[in-house]
Amino acid sequence: MNKENFMKVFPNFSNTSTIFRKELRSYFNSAVAYVVIVVFLAIIGWMYTSSMFLINVASLRLMFEWIPLVFLFVVPAITMRLLAEEKKAGTIELLATKPIHDWEIVIGKFCAAWALIALALLPTLIYYVIIVFLGDIDNGPVVGGYIGLLLMAGVYIAVGLLASSLTENQIVAFIIGLLFMFALFLIDKILIFIPDFMTSVVEYLGIDFHFSNIARGVIDTRDIVYFLSVLGFSLYLSVVSLERRKW
Amino acid sequence: MAIAVRNLTKYYDTEKAVNDISFDVKTGEILGFLGPNGAGKTTTMKIITCYMPPTSGAVEVEGFDIAEHSFEVRKKIGYLPEMNPLYLDMNVLEYLEYSARLHGLKDALLRSRLKEMVDVCGIAAVRHKDIGELSKGFRQRVGLAQAMIHDPEVLILDEPTSGLDPNQIVEIRNLIRQLGRAKTVVLSTHILTEVQATCDRVIIINDGKIAADGTLEQLQQDFRGSEKISLELKIPSGKITNAMTDIYPKFKEMSTVESVEYGGQEGDLHKFSLHTMKGSDIREEIFRRTVSEGWILMEMTRKATSLEEVFHKLTTTE
């Protein structure tokens with residue numbers, strides 16, 4: 001099989017990667033990336049280290065409890081401009097008249113925001129290294145915790161991107177995104193008000209429920225399916241929303 | 001045929017933006033799309049460039065249907081949207097490379113196209129600057145460079161000179177003329193002189209419909225040639241009951257009169273303007289008619305219609 005045929009069999013992600021690189025670069029061109037990374041580290045560092053020695057247990061559990069809260073405010077801030085800005089500036093018209101699919105635009109932008117979150121998480125490994133020196137650490141929950149964080153960030157970014165596709169105002173995109181994420185985060189916190197027969201359904205919808213499962217170090221297909229399906233569905237809706245101009 | 005538009009209609013909700021228009025653009029032609037704001041120029045261009053589909057009708061670009069072979073059409077079109085949207089935080093070369101890659105250009109071809117566009121569009125001096133720092137004239141050049149980066153057969157330019165100062169307008173027009181030698185160009189404008197300066201052919205569009213279509217020479221002959229005769233008649237009251245029904249038909253029946261406008265009444269005085277075919281001098285005929293009808297001719301002036309007046313006439317709904 002020569003190279004030409006090979007490229008035809010496998011989907012070609014060159015457009016997606018072009019958009020991905022442009023978006024990631026523009027995070028770093030503007031101050032957004034640095035602000036996100038610094039804010040992230042500062043908040044996590046302060047919240048985590050201030051209580052670590054009080055508890056005196058060698059684990060990253062506390063950090064994994066704090067980061068989802070920080071996500072709630074950081075993620076909508078990095079997703080709000082992704083599509084809203086293009087619509088406001090009219091550049092979406094340039095993009096949408098190139099020989100590329102709308103889903104390539106959505107996936108490229110999604111991946112750029114995801115990569116930024118991954119980059120922001122990277123320095124938190126320092127805390128892991130510190131703990132390894134201080135005491136015996138169970139590695140299962142750490143690996144699970146990071147996988148869970150990445151999946152959770154993926155879901156948040158996907159709903160944030162959806163919010164950004166709904167409006168051309170970035171502030172509105174931020175608020176809608178925040179609401180979506182809060183809804184996913186809080187829904188399993190209202191279990192006590194729910195009739196018994198519905199609790200398991202509502203619990204399944206909550207993002208924190210699945211995150212804490214994975215963060216315990218148990219990687220269950222049901223949790224993975226939850227993350228991937230919410231993520232995929234939101235991205236699908238973003239593509240549909242982008243295609244609204246055609247209705 | 002570079003572009004063939006057939007019975008194109010577009011509704012926004014219930015509002016009709018484009019109403020059953022059809023036209024062809026020949027290969028190598030520079031077509032001016034002239035009309036007041038809101039006439040349907042931009043909508044038509046958005047449909048041709050595959051940004052949005054029409055409600056009904058068909059468009060073919062270089063033989064490819066916009067609905068069935070959208071990607072082929074997009075590859076053949078370079079598009080400069082209205083207001084020239086740009087990524088202000090990117091630098092010029094980054095942006096051009098981004099556009100080029102989305103058109104599938106890479107490696108040596110990408111580099112040679114970048115270099116050529118920078119040279120042709122005269123943006124070498126600013127190629128490492130952020131687009132946000134550039135003047136409007138340079139931004140417009142970047143927009144044109146972006147539209148042509150993949151060497152498309154067809155250029156669609158939506159109001160390419162709007163918002164520029166007079167010197168920049170001349171520069172951009174020259175650039176378009178120069179580029180237009182090798183390409184099919186459709187450009188929209190609401191400025192008449194723009195069409196005179198750059199285009200081979202004009203389509204005047206108003207209220208979603210085509211009001212006139214022809215080469216510049218044809219339009220100039222048709223419209224320049226058209227003449228306007230202003231009349232002021234004194235008609236004693238009692239002789240007529242209604243100016244419109246009594247006088248209007250008498251002028252309308254003259255062989256070369258195309259249209260008659262009633263300009264109002266002051267006492268016994270009635271004002272009229274007659275539009276006549278070019279080259280026909282009917283002043284004598286008018287004089288005889290007024291005498292035979294028993295009206296008194298107070299004033300008569302003849303004036304050639306300017307292109308501006310024609311445009312105004314074609315694009316205002318009475």
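At what angle do the axes of helix α4 and helix α9 of chain A cross, and within what distance do they come? Roughly 20°, and within 9 Å. Keep in mind that this is a predicted model.

Let me stay with that pair. Helix α4 of chain A covers residues 61–79, and helix α9 covers residues 139–165. An angle under 35 degrees counts as roughly parallel, so α4(A) is roughly parallel to α9(A). The crossing is right-handed.

Now the residues. On α4(A) the contact uses A:Arg61, A:Phe64, A:Ile67, A:Pro68, A:Phe71, A:Val75, A:Pro76 and A:Thr79. Facing them on α9(A) are A:Pro141, A:Gly145, A:Leu149, A:Met152, A:Ala153, A:Tyr156, A:Ile157, A:Gly160, A:Leu161 and A:Ser164. By class, that contact has 13 nonpolar residues, 4 polar and 1 charged.

Next, where chain A meets chain B. 18 residues of chain A touch 19 residues of chain B. Which elements of chain A give two or more residues to that side? They are α2, residues 14–29, and α6, residues 91–96. The largest share is from α2(A), with 5 residues. Sorted by class, the chain A side has 5 nonpolar residues, 8 polar and 5 charged.

On to chain B itself. DSSP runs give chain B 12 helices and 14 strands. Of its 318 residues, 38% count as buried. Take the chain B contacts with a separation of 6 or more: 67% of them join residues 24 or more positions apart.

One helix pair in chain B to finish. Helix α3 runs over residues 92–102, and helix α4 over residues 107–120. Their axes come within 10 Å and cross at roughly 130°. That makes α3(B) oblique to α4(B). Here too I can give the hand: α3(B) passes α4(B) in a right-handed crossing.

Which residues meet? From α3(B), they are B:Leu93, B:Leu96, B:Glu97 and B:Ala100. From α4(B), they are B:Leu110, B:Arg113, B:Leu114 and B:Met117. The classes are 6 nonpolar, no polar and 2 charged.

Note on methods:
Residues numbered from 1 in each chain as written. Chains lettered and ligands numbered in written order. Predicted model: local features only at pLDDT ≥ 70, side-chain atom pairs only at ≥ 80, totals over all residues. Axes fitted to C-alpha atoms, helices over the stretch in contact; angles between N-to-C directions. Helix = DSSP H or I, 4+ residues; strand = E, 2+ residues; numbered from the N terminus. Parallel < 35°, antiparallel > 145°, perpendicular 65-115°, else oblique. Left-handed = near helix turned anticlockwise from the far one by under 90°. Contact = placed C-beta atoms within 7 Å. Nonpolar A, V, L, I, M, F, W, Y, C, P; charged D, E, K, R; others polar. Buried ≥ 20, exposed ≤ 12 C-beta atoms within 10 Å, placed from the backbone.
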